[in-house]
There are 2 protein chains.
Amino acid sequence: MLGAAVSVFLSTFENKVDRKGRVSVPSSFRNVLSQQKSTGIILYPSFKHPCLEGSGDERIQEIVSSIDAIDVFSDEAENLQTILADAKQVSVDSDGRVILPHEFVVHAGISDLASFVGLGKSFQIWSPKNFSIHRQKNRLRAREQGATLRIISSSSERT
Amino acid sequence: MLGAAVSVFLSTFENKVDRKGRVSVPSSFRNVLSQQKSTGIILYPSFKHPCLEGSGDERIQEIVSSIDAIDVFSDEAENLQTILADAKQVSVDSDGRVILPHEFVVHAGISDLASFVGLGKSFQIWSPKNFSIHRQKNRLRAREQGATLRIISSSSERT
DNA sequence: GGAGAATATATGGAATTTTATGGTTCTGCA
DNA sequence: TGCAGAACCATAAAATTCCATATATTCTCC
């Protein structure tokens with residue numbers, strides 16, 4: 001196995017999507033998922049960007065719990081339910097691949113390549129082209145604003 | 001069935017309704033129901049939207065308990081009792097289909113297609129057309145309020 | 001240190017199983 | 001006896017499993 005397995009989604013990988021919509025989940029992402037004891041991956045279209053949001057499927061439990069915690073008929077509950085209605089669970093096959101549902105491929109403008117972008121606790125899937133535009137914009141803005149990042153240190157994390 | 005699907009109703013499926021009113025329950029929904037050991041499905045018309053609410057049949061127990069817990073003569077109690085009065089149990093046949101009662105088809109404005117919408121512990125059945133309008137509205141609102149995203153990220157902030 | 005063996009990853013394609021869905025028959029009941 | 005609902009088949013499309021291969025990458029033994 002590759003270098004020390006980190007327990008967060010990290011880095012960017014570009015993999016091929018075959019004509020059945022299959023694409024390999026980067027090996028390091030699979031390691032993170034199995035550490036989370038996820039049996040699959042939850043995907044849903046991003047509200048903000050032409051990309052997909054992904055995470056281990058234990059995340060769904062969190063959303064369902066959030067819904068339970070609020071009034072069933074409230075707007076807020078419906079907002080959360082929207083995510084459930086749009087989400088799909090995809091299972092990782094024995095070769096480490098998932099099938100990207102057609103609507104999702106369309107939403108993200110993916111054709112024959114998909115970029116898996118690690119965001120720590122979750123990840124995104126982009127068409128490489130859209131992602132490079134997005135990244136450029138982000139970098140520019142970060143530079144202009146002189147973005148700073150406040151690190152919250154927690155002694156419980158690894159050394 | 002593989003993929004140990006999460007035990008919640010998830011995603012949206014659009015299936016055909018034949019001229020006898022038969023419609024396939026999405027396979028993943030059937031899995032959730034069988035995990036719940038439901039012998040059938042409880043359906044009742046939503047009083048908020050032109051759609052049907054559905055769930056495994058143990059859900060009725062929860063509704064009954066809720067009624068018990070509140071003032072017997074309150075509006076709320078009456079609302080809930082209305083649900084009981086209007087609810088019907090439908091059985092899933094050996095091919096995984098149910099028959100939508102005619103009044104329900106009318107209430108939801110369903111003709112030859114039905115959208116099964118996963119909401120976690122329950123689901124809804126819509127006419128695809130009405131649902132797409134509803135979904136659009138919800139997504140817009142969710143985006144404006146940012147409520148959904150906030151809740152999700154706060155609950156996922158945990159280690 | 002390096003040749004070759006053993007592993008791991010990404011990817012293509014075929015075989016097999018599930019679903020969704022249409023049609024037909026059977027059955028109880030009004 | 002006619003009709004609604006239930007149980008039965010049949011089949012096409014879709015999803016899942018299985019197998020094969022190319023290409024790295026790591027390991028091991030000399």
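Let me begin with DNA strand C, which in this predicted model is surrounded by 27 residues, the closest of them being Arg19(A), Lys20(A), Arg22(A), Ser27(A) and Arg97(A). If we take the atoms of DNA strand C that come within 4 Å of the protein, sugar and phosphate account for 49% of them.

Which classes of residue make up this surface? Near DNA strand C there are 16 charged residues, together with six polar and five nonpolar ones. As for where they sit in the fold, β1 (12–16), β2 (22–24) and α1 (27–35) of chain A each supply at least two residues of that surface, and so do β1 (12–16), β2 (22–24) and α1 (27–35) of chain B.

Now let me turn from the DNA to the inside of the protein. Rolling a probe the size of a water molecule over the atoms shows where empty space is left. In this structure there is one cavity of 30 Å³ or more, and the volume of the largest cavity is about 100 Å³. Which elements give two or more residues to its lining? They are α3 (75–86) of chain A and α5 (128–145) of chain B. Among the lining residues are Glu78(A), Gln81(A), Phe131(B) and His134(B), and by class the lining has four nonpolar, five polar and two charged residues.

My last topic is a strand of chain B, namely β3 (residues 41–45), which is mostly covered, with five of its five residues buried. In a regular strand the side chains alternate between the two faces of the sheet. Here Ile41(B), Leu43(B) and Pro45(B) point one way from β3(B), while Ile42(B) and Tyr44(B) point the other way, and all are buried.

What does β3(B) pair with? Over five bridges, β3(B) pairs in the antiparallel sense with strand β4 (residues 52–56) of chain B, and the two form a hairpin with six residues between them. Within that pairing, Ile41(B) has Gly56(B) as its bridge partner. Strand β5 (residues 88–90) of chain B also runs antiparallel to β3(B), joined to it by three bridges, and there the partner of Leu43(B) is Lys88(B).

Notes: Residues numbered from 1 in each chain as written. Chains lettered and ligands numbered in written order. Predicted model: local features only at pLDDT ≥ 70, side-chain atom pairs only at ≥ 80, totals over all residues. Heavy atoms only, no water. Near = heavy atom within 4 Å. Helix = DSSP H or I, 4+ residues; strand = E, 2+ residues; numbered from the N terminus. Nonpolar A, V, L, I, M, F, W, Y, C, P; charged D, E, K, R; others polar. 1 Å grid on protein atoms, 1.4 Å probe; cavity = no way out; pocket = protein on both sides within 12 Å on 5 of 7 lines; lining within 4 Å. Points joined across faces, edges and corners; volume = space filled by probe spheres on them. Buried < 20%, exposed > 50% of the residue type's maximum accessible area, 1.4 Å probe, protein only. Pairing = 2+ DSSP bridges.
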